[in-house]
Structure formats: structure tokens, C-alpha cells
Amino acid sequence: MSQDQKQLDEKLEIYIPNGPRLGTNVIEARGVSKAFGDKLLYENLNFNLPQAGIVGIIGPNGAGKTTIFKMIMGQEKPDNGEFNVGETAQIAYVDQAHANIDTEKSIWQNFCDGQELIMMGGKQVNSRAYLSRFNFGGSEQNKKVSMLSGGERNRLHLAMTLREEGNVLLLDEPTNDLDVNTLRALEEGLESFAGCAVVISHDRWFLDRVCTHILAFEGDSQVYFFEGGFSEYEENKKKRLGGDLLPKRIKYKKLIR
């Protein structure tokens, strides 16, 4: 690693503009049930997102974590119950499909439409400098998106979403394919963010460092909302359930029609 690269990495910081002030009603789940085929993902799910919290959503693949985001965004409907999004909530969503990326344009054009200076949180920011914080070097920013790996697209989409000035961030596995320095910068950015962030992640270390609340898919169609960080949640789960913490394979209840 060159000396310049080392200095760049040490200065890496991700600024997340706070967006408008978020009121006390953020997003509430009321009696939500959702099934796929005859698999019941969850029933009677209730939670209230905290105004200034970072909520980690954890559980095995296939448990219905991403489905929660899709229902909040109105892309899917609950079978029962509802999600209420507060009047002041402005959602910025990192989805795994990266639907708003134009593959024929470059990284930089996608990020800022070719504007050297962009407004973020009421201040002017150099777009190329900001993008470089997501580990895209100078000339790399001109690369066409169609040439990028999945991990690079992840990073670009994260950069695009974080500049949207939402006060509620929905981040679906944002830590995938991030190097350690970008990960640390994301942690710091989230910790100084004034709104509410909801993060789906399998990265225990990351969750332990940033989360104030945990929404845990515990198998058997049960979802548990816990106030506290990941380590405290694990202690709590041991006391409640004993035994193995994350089920290796998810079990579903059968849907009874």
C-alpha cells in the first residue's frame, strides 16, 4: 500500500446529512403478519422505531428481513396489520437490487449527475472527494457501472443513498463487500447521524458497535424487539431461550388457513 493510499484511508470519513427533523412517530408495525406460500414468516409483529436509534435486524436468510423493508416502502403488502410511517419521516433506502443505478453511466455520473459540487445537509461538498471516501479512487470514478463487481455496486449505491438527506435510513446489508476502513467510516457516520437508521446485517462486530436496538428473527415465526445492543441481546436470549443463539436453519410455522 502506498503512503498516499495509507493517508487517504486514515482520512476516510463518511458524512451522512441529517435531513429534516424527525418527530417522535417514526415507523410503527401494528399486528403485522406475512406468509410466503404456506410458510408463515411472522404473525402479530409489533414494534415502534426509536427517533434517534440504530436498529439492527438479525436472523437467518429467508426469515423475511428484507420483506419488512419492502412493506415499509409499500412495495409489498402485509397479509394482516399495517405499517404506519410518521408524517415527518423521509426514508432513504439501500435495497439489494440497486434499482436506481444506470449501468450505462459512470460511477461519478450516477452519484452526482456530473456536478463537481453538490449540496449535502445545507453545505457544499466536493462530489469526487466524497465519492472517494467509499473507496473509489480518482480515475476509477469514470468507470462504467456495467463493469463493476457486486461489491463495488454496493458501495456506489450506499454513497448515493446516504446523500439523499433522509431522516430514516433503511440499509439492507450495507456492510457486504466493504473494506475495514470504509466500514469504520460508515460506523462513525451512523453514530453521528441524528435520525433513525435500520440495518440488516450478519456482521455481529458491526452490529455490536453501532446498534441501540435489535429486531431479531428467532425462528419459528417469532420476532423479538430488544432495547439494547447486540451483546446485551445475546445475553438476554440465552436467559430466555438457552442453547444456540442463531438457528442454523430457519423453522417456520405452518400457515393455517
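Val32 has Leu45, a residue of β2, as its bridge partner. In this predicted model, the two strands concerned, β1 (residues 27-36) and β2 (residues 39-48), run antiparallel and are joined by 6 bridges. Helix α2, which spans residues 65-72, packs on the sheet and touches β1, β2 and β4. The direction of helix α2 makes an angle of about 60° with that of β2.

The sheet is open and has 4 strands, in the order β4-β1-β2-β12, with antiparallel pairing. The edge positions are taken by β4 (80-85) and β12 (253-254); each has a single partner strand, so one side of each is left without a neighbour in the sheet. In general, strands of a sheet pair through backbone hydrogen bonds, in either a parallel or an antiparallel manner.

Backbone angles were examined next. Most residues other than glycine have a negative phi. Asp113 has a positive phi, near 55°, and Ser221 likewise has a positive phi, near 65°. Asp113 is placed in the loop between α3 (107-112) and β6 (117-120), whereas Ser221 is placed in the loop between β10 (213-217) and β11 (223-227). The two residues were then assigned by accessibility. Asp113 has a relative accessibility of 59% and therefore counts as exposed, the cut-off for this class being over 50%. Ser221 has a relative accessibility of 5% and therefore counts as buried, the cut-off here being under 20%.

A further loop residue, Asn167, lies between α5 (150-162) and β8 (168-172). Its relative accessibility is 0%, so Asn167 counts as buried. The side chain of Asn167 takes part in polar contacts with the backbone of other residues. One of these involves Pro20, whose backbone oxygen lies 3.0 Å from a polar atom of the Asn167 side chain. Another involves Gln90, whose backbone nitrogen is reached by the side chain of Asn167 at 2.6 Å.

Conventions: Residues numbered from 1 in each chain as written. Predicted model: local features only at pLDDT ≥ 70, side-chain atom pairs only at ≥ 80, totals over all residues. Heavy atoms only, no water. Pairing = 2+ DSSP bridges. Contact = heavy atoms within 4.5 Å. Axes fitted to C-alpha atoms, helices over the stretch in contact; angles between N-to-C directions. Buried < 20%, exposed > 50% of the residue type's maximum accessible area, 1.4 Å probe, protein only. Polar contact = N/O pair within 3.5 Å; in protein donor to acceptor, adjacent residues only side chain to side chain.
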